[in-house]
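Try each one before reading its solution.

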Amino acid sequence: MMLRSLWRSPAFSFSYYSNLDLSCPYPSFQARDLTTTHTMHYITKPPCDPKIMTFGAFHTDHLLEIDWSEKMGWSRPQIVPFKSFSIHPFSACLHYAIECFEGAKAYKGPDNSIRTFRLNCNMYRMKQSAKRLSLPDFDGAELERCIEQLLKVDRDWIPDRPGFSCYIRPTLMATEEALGVRASSRAKLFVALCPVGPYFPSGLKPVRVFCNTSTIRSAPGGVGGYKVAGNYAPTVLPLKEVQKIGFHQNLWMLPDGLVQEMGVCNLFFFWKNKQGEKELVTPILDGTILPGISRDSILELTRNMGKFKVIEKKVYIQEVVEAIEEGRMIEMFGSGTAVSIQPIEAIGYNDKIYEVQYDQKLNAGELSHELFDILTNIQTGGGEHKWVRSI
């Protein structure tokens, strides 16, 4: 009875981001100490063409940088002209992947304001990643304020066309100038901005995914639940291999068939259970799965809809295939900052292709299309929302 009442209480949540403590027990840099040096050589801005303004192709005029050392602590934050860094060949980030990063987006609202979407959640997740790598802790609220100032300085780089945005890439890396696997005595925190076009220029587009049974993305007890650099390099070769055989992404699993993620997206299954009830199911956060901010947003949005069960649990590929074969799978999709919503049209498993239903006119399932529209409206619309900060 007590658990049931807690579950129904609006103040109670199982969300990874339900209690955002961005504080730091040690002295941190402060946004009030931020200095800005404007560039003398402004970069020509690319046209708002999705074929040209692709992900990661361009950077803005400035970046934010903050250095840390074990002896001196955090330096004062600086916004400076965009530049390359001088890195010692023995720097720990180059040899041992002691580096974590985040990915967020800023949007132009109809009133020309700058809108950030749940940036405080990115700060919280980055703090957890930093702690896992023994990188220095920081006050996440102060970093958020510094990023907002960077966005103001480079506000002309934030596209005002529908579907376009400004990608925010905070990065924290170990820079100790000595070899050896240990906690680094020096680190650099920087934030760069990148104008990006829509991930799907012609609207949502479903993908085909390959259930990888020979390679795993992350293992229990590892760092799959953190956004650390070392998680990504091993996925490049498996991606090239599945693309050669006609798939767009890998569906990551453990050897026993426990489903984890799709590419760099969290996964959702909208199906009817064996009792005929509609359920939206996503793999539970067990330490091997990145706690996606889009994932968390979808869970809250769908729970508030109250139209079907919304469940986080262990999901095995065998039950996914069974649901497709029995006609109970309504739709499948992924979620992430870059794609927002990624519909899935087919999965390849054990030398067989399993087609997944979706609306041919929408190029997505009805639910995934609705969620895409809701998230887009929250991010770019003119209205207020608890997940959006206008600056």
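**Exercise 1.** At what angle do helix H6 and H8 pack, and how far apart are their axes?

*Solution.* Keep in mind throughout that this is a predicted model.
- Step 1: find H6 at residues 293-305; this helix and H8 pack at an angle of about 110°, and 11 Å separates their axes.
- Step 2: classify the angle. Since angles of 65 to 115 degrees count as roughly perpendicular, H6 is roughly perpendicular to H8.
- Step 3: list who touches whom. H6 contributes Ser 297, Ile 298, Leu 301, Thr 302 and Met 305, while H8 contributes Leu 367, Glu 370, Leu 371, Ile 374, Leu 375 and Ile 378.

**Exercise 2.** Work out whether the length of helix H8 agrees with its residue count, then find where its buried residues lie.

*Solution.* 
- Step 1: H8 covers residues 366-380, which is 15 residues.
- Step 2: pick out the buried residues of H8, namely Leu 367, Ser 368, Leu 371, Leu 375, Ile 378 and Gln 379.
- Step 3: look down the axis of H8; these buried residues fall within an arc of 95°, so they line one face of the helix.
- Step 4: turn to the other side of H8, where Glu 366 and Asn 377 are exposed.

**Exercise 3.** Is Thr 171 buried or exposed, and which residues does Thr 171 touch?

*Solution.* 
- Step 1: locate Thr 171 in strand S8, residues 165-174.
- Step 2: the relative accessible area of Thr 171 is 3%; buried means under 20%, so this residue is buried.
- Step 3: leave out residues up to four places away in sequence, and Thr 171 touches Glu 99, Cys 100, Phe 101, Met 126, Lys 188, Leu 189 and Phe 190.

**Exercise 4.** Describe the surroundings of Lys 313 and of Cys 48.

*Solution.* 
- Step 1: Lys 313 sits in strand S15, residues 309-313, and is partly exposed at 28% relative accessibility.
- Step 2: Ile 284 is 29 residues away from Lys 313 along the chain, yet their C-alpha atoms are separated by 4.6 Å. Ile 284 is also one of the contacts of Lys 313, including Trp 271 and Glu 319.
- Step 3: Cys 48 belongs to the loop between strand S1 (35-36) and strand S2 (62-69), and with a relative accessible area of 24% is partly exposed.
- Step 4: beyond its neighbours within four places in sequence, Cys 48 contacts Met 53, Pro 159, Arg 161 and Phe 164.

Notes
Residues are numbered from 1 along each chain as its sequence is written. This is a predicted model: local features need pLDDT of at least 70, side-chain atom pairs count only at pLDDT 80 or more; totals for chains, interfaces and linings use all residues. Side-chain values use heavy atoms; hydrogens and water are left out. Helices (H or I, at least four residues) and strands (E, at least two) are DSSP runs, numbered from the N terminus. Buried means under 20% relative accessible area, exposed over 50%, partly exposed in between (1.4 Å probe, protein chains only). Contact means heavy atoms within 4.5 Å. The expected span of a helix is 1.5 Å times one less than its number of residues. The arc is that of the directions from the helix axis to the C-beta atoms. Axes are lines fitted to C-alpha atoms, for helices over the stretch in contact, and angles run from 0 to 180 degrees between N-to-C directions. Angles under 35 degrees count as roughly parallel, over 145 as roughly antiparallel, 65 to 115 as roughly perpendicular and the rest as oblique.
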